[in-house]
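Here is a short briefing to read alongside the model. Take a look at the sequence and structure, then walk through the points below.

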Amino acid sequence: MGLGFVVGVVGVVILSHAAYSTIQYRSLLKIMEEEFSGPPMNVVVELLLGLVLCMWAALTVPGNFLSIKPDTDENRMVSLPGNLDFMIFNHRGKVFSSEMDMKLKI
Amino acid sequence: MAGHNDSSVSEKKSSQAVDDLPTFSAENMQNNMKVIYYSRTFLSIIGGVIAGILGFTGFAGFIFYFLIMAITSVGLMAKAKFSVHSYFDSWNRIILDGFLGGLLSFVLFWTFAYDIVHIF
């Protein structure tokens, strides 16, 4: 969470720097009286870098996928114990002596 | 009489549907959908800013959006370790969901960044 968030912030900062250098490039073109044909190379590189960083942040920050199958390890514990009506403390098995007691007697 | 027949038929159908229905954890499914919406919204905003800085106009920007969303879909699949059916009930969830809402944010931030960088 923390690392991904920091990476996303770095990506956004890189993108804003790319925007700023594009603005400067446009004003330079205005002074030299040339037409804008495309952003300079370093801006394109910065944009790609920012895109990769933000992509990584967007895929890691929101959290992990949880399995929806009922028979996976994460979903193995069903929510029966959460419902107090299903808790059973007394049952007829206690009148039979358990194997442990038999072993102790012998 | 006819009504009774219809109801029995529909009852039969619904019971069959219940039998055929695959069971899955709806809460985890909802969590996964939330993760997907988060990723898509954030990436469409970032894609809009990039398209605006690059100075795309017209159709090129929309093609760029499709490209970004395709890359996002591949990334989400990689995040699901390419076993989509253990995290989602259908492929459409991972490929199509959040597409239109993301398009609106994309256009908003595309025009915003284009105005800031190229017009003002």
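Helix 5 of chain B buries G102(B), F106(B), W110(B), A113(B), Y114(B) and V117(B) (buried: 20 or more other C-beta atoms within 10 Å of a residue's own; exposed: 12 or fewer; partly exposed in between; C-beta atoms placed from the backbone). These residues cover an arc of only 105° around the axis, which puts them on the same side of helix 5 of chain B; the arc is that of the directions from the helix axis to the C-beta atoms.

This is a predicted model: local features need pLDDT of at least 70, side-chain atom pairs count only at pLDDT 80 or more, and totals for chains, interfaces and linings use all residues. Residues are numbered from 1 along each chain as its sequence is written, while chains are lettered from A and ligands numbered from 1 in the order in which they are written.

**More on helix 5**
- On the other side of helix 5 of chain B, L100(B), L104(B), D115(B) and I119(B) are exposed.
- Cover for the buried residues includes helix 1 (2-32) of chain A, along with helix 2 and helix 3 of chain B; helices (H or I, at least four residues) are DSSP runs, numbered from the N terminus.

**Where the chains meet**
- Chain B brings 27 residues to the contact and chain A brings 22 residues, with two residues in contact if their C-beta atoms, placed from the backbone, lie within 7 Å.
- Helix 2 of chain B gives the most to the side of chain B that touches chain A, with 14 residues.

**From the UniProt record**
- UniProt's unreviewed entry places "transmembrane region" at residues 62-82 and 94-114 of chain B; such annotations may be inferred rather than shown by experiment.

Methods: Helices (H or I, at least four residues) and strands (E, at least two) are DSSP runs, numbered from the N terminus.
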